[in-house]
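Open the model in your viewer and keep the selection panel at hand. This tour goes from stop to stop.

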Amino acid sequence: MPNDISAVGSIARAAQVLDALAGSPDGVALTDVVDATSFTKTTAHRVLAALQGIEYVTQDPETRVYRLGTKLADLSRKAGLIDLAAMSKRGMARLAEATGDTVFLSVAEGPVAICAARAVGSYPIRTLTLDRGDRRPLGVGAGALALYCSMPAKTRAAVNRINQSWHAEYGFDGDALEARKLEFDQRGYALNAGDVVSAMSAVGVPVITRGGRLVAALAIGAIKDRMTADRMQDLVLPVLHEETGRLAARLSDWEEEKDR
């Protein structure tokens, strides 16, 4: 048992170091890893050395900074994963420019919706209710609701069972979310009309490949006064559906190429 506990702790420390490196593609110095993880210099160096040994991390021989190794990218490709945030970046930028509002990319992991990326528009009053890496229960927020509503009934039931207490923190329960599912089916998009932050509203649309795989959701958020019915129908939803369709097509092409 002690060896098992030690192994789990080592994995957790390695994950923290990898997270620290992931935030800087230009490389991270040992002191920056120490600051990001709160490890001692000795511990950080030992973890980095272990990760170098398995080629998950590389070190520049001149500058001595550390970077993530290409082996991690190879593992992702072998697992059929893709850098969704990178693939979505241009489309999200177009949405932020077209609307002036904040754009969010959300993905589902189990019963949780995770903000995978965010793009901020030019409007001076910004909706920054989520940042990259933030987690919400599926169903809470426009992107998380679009994901929830696009899942099979059995999956939604499991989500509601697991997230019962978490949903209650936001004033939701399974019945309320299933009512939102019916509204989603009628509208074709998820609407968060001040449910999380009273002064903020957002709309979300799922990203579904030609093969029927739910990959993510794109959402646009703004202060409630900007998210009027006319503005949603004339501007926000058309550009959101366009970019969602474009991303879904790119992901479909990638999936089909991978399967050949």
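Which residues lie nearest the centre of the second largest cavity? Select Gly-100, Asp-101, Thr-102, Ile-125 and Arg-126, which lie nearest among the 13 residues of its lining. A cavity here is a set of points, on a 1 Å grid over the protein atoms alone, where a 1.4 Å probe fits but cannot get out; lining residues have an atom within 4 Å of a point.

Before moving on, note that this is a predicted model: local features need pLDDT of at least 70, side-chain atom pairs count only at pLDDT 80 or more, and totals for chains, interfaces and linings use all residues. Residues are numbered from 1 along each chain as its sequence is written, and side-chain values use heavy atoms, with hydrogens and water left out.

**The cavities**

The second largest cavity holds about 50 Å³ of space. Volume means the space filled by probe spheres set on the points, which are joined across faces, edges and corners. β8 gives the most to this lining, with three residues.

Now go to the largest cavity, with about 210 Å³ of space. Of its 24 lining residues, select Thr-129, Leu-130, Arg-136, Gly-141 and Ala-142, the closest to its centre. Elements giving two or more residues to the lining are β3, β4, β5, α6, β7 and β8.

**The sheet**

Next, show the six strands of the open sheet, in the order β5-β4-β3-β8-β7-β6, with antiparallel pairing. β5 (135-137) and β6 stand at the edges with a single partner strand each, so one side of each has no neighbour in the sheet. The twist averages 30° from one strand to the next. Strands are DSSP runs of E, at least two residues; helices are runs of H or I, at least four. Two strands pair if DSSP finds at least two bridges between them.

Find Val-112 opposite Pro-137. Leu-191 has Val-203 as its bridge partner. In this hairpin, with six residues between the strands, Gly-194 takes a positive phi near 75°.

**A helix residue**

Last, select Thr-244 in helix α10 (residues 229-259). Is Thr-244 buried or exposed? Thr-244 counts as buried because its relative accessibility is 5%; the cut-off is under 20% relative accessible area with a 1.4 Å probe, protein chains only. Beyond four places in sequence, Thr-244 touches Val-205, Pro-206, Val-207 and Leu-218, with contact meaning heavy atoms within 4.5 Å.

How values were computed. Buried means under 20% relative accessible area, exposed over 50%, partly exposed in between (1.4 Å probe, protein chains only). Axes are lines fitted to C-alpha atoms, for helices over the stretch in contact, and angles run from 0 to 180 degrees between N-to-C directions. On a 1 Å grid over the protein atoms alone, a cavity is a set of points where a 1.4 Å probe fits but cannot get out, and a pocket is an open set with protein on both sides within 12 Å along at least five of seven lines; lining residues have an atom within 4 Å of a point.
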